[in-house]
Amino acid sequence: WATIGVSADADANKKYSTMKLNDDIRNWFKEAAPRNMHLIDWGRQILPRTFGKDRIAGDLKPHWGLEARLLFAQMLTHAMKTTFG
């Protein structure tokens, strides 16, 4: 499982915002502690680079740039190595 990055125009106050959904996912993993499942919390890691001039922009507004994609690949690789040895 993985959390997702939020839009540059995100509104954290919306009832069903991406940030709220990511928080719900994090809470579920914390409470359920599922075996054989791993959470890649990319949404939290990319949050500081989400808004304004700090955003890692891609080719289109909703897309993330290369650095963000490489971060996700690194996190996925780490999770696979940790899980499968």
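I looked up arginine 26 and found its side chain meeting that of aspartate 41 in a salt bridge, 2.6 Å from N to O. The pair links distant parts of the chain: arginine 26 sits in helix H1, and aspartate 41 sits 15 residues away in the loop between H1 and helix H2 (42–46). I count a salt bridge when a side-chain nitrogen of Lys or Arg is within 4 Å of a carboxyl oxygen of Asp or Glu. Helices are DSSP runs (H or I, at least four residues; strands are E, at least two), numbered from the N terminus.

I noted that this is a predicted model, where local features need pLDDT of at least 70, side-chain atom pairs count only at pLDDT 80 or more, and totals for chains, interfaces and linings use all residues. Residues are numbered from 1 along each chain as its sequence is written, and side-chain values use heavy atoms, without hydrogens or water.

**Entry: cover.** Are arginine 26 and aspartate 41 buried or exposed? Both are buried. Buried means under 20% relative accessible area, exposed over 50%, partly exposed in between (1.4 Å probe, protein chains only). Arginine 26 has 15%.

**Entry: a second partner.** Aspartate 23 also forms a salt bridge with arginine 26, with the closest N and O atoms 2.6 Å apart. The two are three residues apart in H1, so about one helical turn separates them. Aspartate 23 is partly exposed, at 37%.

Entry: How many salt bridges does a search of the whole structure find? It finds five. One of them joins aspartate 54 and lysine 53, with the closest N and O atoms 3.7 Å apart. Here aspartate 54 is partly exposed at 36%, and lysine 53 is exposed at 78%. Salt bridges with shared partners join Asp23, Arg26, Asp41 and Arg44 into one network.

**Entry: helix H1.** I checked its span. H1 has 15 residues and reaches 21 Å from first C-alpha to last, close to the 21 Å expected at 1.5 Å a residue. The expected span is 1.5 Å times one less than the number of residues.

Which residues of H1 are buried? They are Asn22, Arg26 and Phe29. They lie on the same side of H1, because they cover an arc of only 65° around the axis. That arc is taken from the directions from the helix axis to the C-beta atoms. These buried residues pack against H2, with contact meaning heavy atoms within 4.5 Å.

Last, I looked just after H1. Alanine 33 takes a positive phi of about 45° there.
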